[in-house]
Amino acid sequence: MKYRKFKKTGLYVSEIGIGTNRFGHNVDQEDVNKIIHYCLDEGINYIDTANTYANGKSEESLGKAFDNNRKSFIVGTKVGWPNEFDANQGLLSSKSIFWHVDQSLVKLNTDYIDILWLHKWDEETPIIETLNAISILIKQGKIRYLGISNFNTWQTSLIVTTARIKYDISIIAVQSEYNLLKRDTYLDLKDCIDYLDLNFIPYFPLASGFLTGKYSNNHIPSNSRGEWATYMKNMLNKKHYQFLDELRLIAENHKISLTELSISWLLNHENITSVICGVRNIDQLKLNSKSINCRLTNNDNKKIEKIFKKNFVI
């Protein structure tokens, strides 16, 4: 495995991270154990979860799987997503943050969280209240680093600046969706995160499976998001399949899969520290991990941009 360092920290994470939103849902404990043990053997150290994934069962399954190997992993979890426990409360209020962090520590079977991500902007709670709670948790040793997820440009700028100036807290990264198809959020944020010297952590690197090539004009895999998710159905059209076919030619030229191409394209970005790849089994994890050995050329990137603009830019 290869590793990258978060800017202005001593924290290194594996280029491939593990997304666990299906753990405890349709990935049972036995498979979670196998995945975590494989990560341990292969040096994959970044594990990404959230207090709301599978209604908390994702964290619980990880806590069981870590066993005595917790120190070998960099664990990131989140607070601030709508849930049944925060009815009539600000999602990033002191009350909510303190309660959820303590719950996460119990479920993860640990006494500290490496990275706490604020899952989304909270319209109800002043950021001063949020950051005051975070400051207390850092001083208590319950969290080590802070990141933000799904924040737009002005929200990112405001909370990063306030955290630095008023609380001496450095927010180390922004996490959001980014892949060969979904680019708008990253492009909107890029100037801001470059100026603030933040890292970027992409999730959905394979566009919920579309960029693996398993979808085609005449085939939607059973039990896949394509059967029910509107955002997936919006991709099942001629221009998306055309884009996929042209990407496949580039992948074939390198003798790699579409999965490897998609992840390696992200790893070509210097400000990306780790790519969060959701997995259900070890075979998926093995394929994702092969991406670290694929490095696209400048000519490849130019071809990718050309076919993207041809298909999606008016």
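This is a short talk about one protein chain, from its overall form down to a few single residues.

Before I start, please keep in mind that what we are looking at is a predicted model, in which local features need pLDDT of at least 70 and side-chain atom pairs count only at pLDDT 80 or more, while totals for chains, interfaces and linings use all residues. Residues are numbered from 1 along each chain as its sequence is written, and side-chain values use heavy atoms, with hydrogens and water left out.

Let me begin with the whole chain. It contains 11 helices and 10 strands, where helices (H or I, at least four residues) and strands (E, at least two) are DSSP runs numbered from the N terminus. The radius of gyration is 19 Å, close to the 20 Å that the globule rule gives for 314 residues, so the chain is as compact as a globular protein of that length; here the radius is taken over C-alpha atoms, and the rule is 2.2 Å times the number of residues to the power 0.38. Along the principal axes, the C-alpha atoms fill a box of roughly 55 × 45 × 40 Å. Of the 314 residues, 55% count as buried, and buried means under 20% relative accessible area, exposed over 50%, and partly exposed in between, with a 1.4 Å probe and protein chains only. If we take contacts (heavy atoms within 4.5 Å) between residues at least 6 apart in sequence, 79% of them join residues at least 24 apart.

Now to helix α10, which spans residues 282-289 and whose buried residues are Leu285, Asn288 and Ser289. They cover an arc of only 95° around the axis, which puts them on the same side of α10; the arc is that of the directions from the helix axis to the C-beta atoms. At the start of α10, a side-chain oxygen of Asn281 comes to within 3.2 Å of the backbone nitrogen of Asp283.

Next, Glu15, which sits in the loop between β2 (12-14) and β3. Is Glu15 buried or exposed? With a relative accessibility of 4%, Glu15 counts as buried. Its side chain makes a polar contact with the side chain of Arg4 at 2.9 Å, a polar contact being a pair of N or O atoms within 3.5 Å, where within protein one must be able to donate a hydrogen and the other to accept it, and residues adjacent in sequence count only if both atoms are side-chain atoms. Leaving aside residues up to four places away in sequence, the residues that Glu15 touches include Met1, Tyr3, Leu267, Val275 and Arg295.

What about disulfides? The structure holds 0 of them, a disulfide being a pair of cysteine sulfur atoms within 2.5 Å. For Cys277, the nearest cysteine sulfur is that of Cys39, 11 Å away, and Cys277 is buried, with a relative accessible area of 2%.

Finally, a word on backbone angles: most residues other than glycine have a negative phi. Asn150, in the loop between β7 (143-149) and α5 (153-167), has a positive phi near 65°, and at 26% relative accessibility Asn150 is partly exposed. Asp168, in the loop between α5 and β8 (171-177), also has a positive phi, near 55°, but Asp168 is exposed, with a relative accessible area of 70%.
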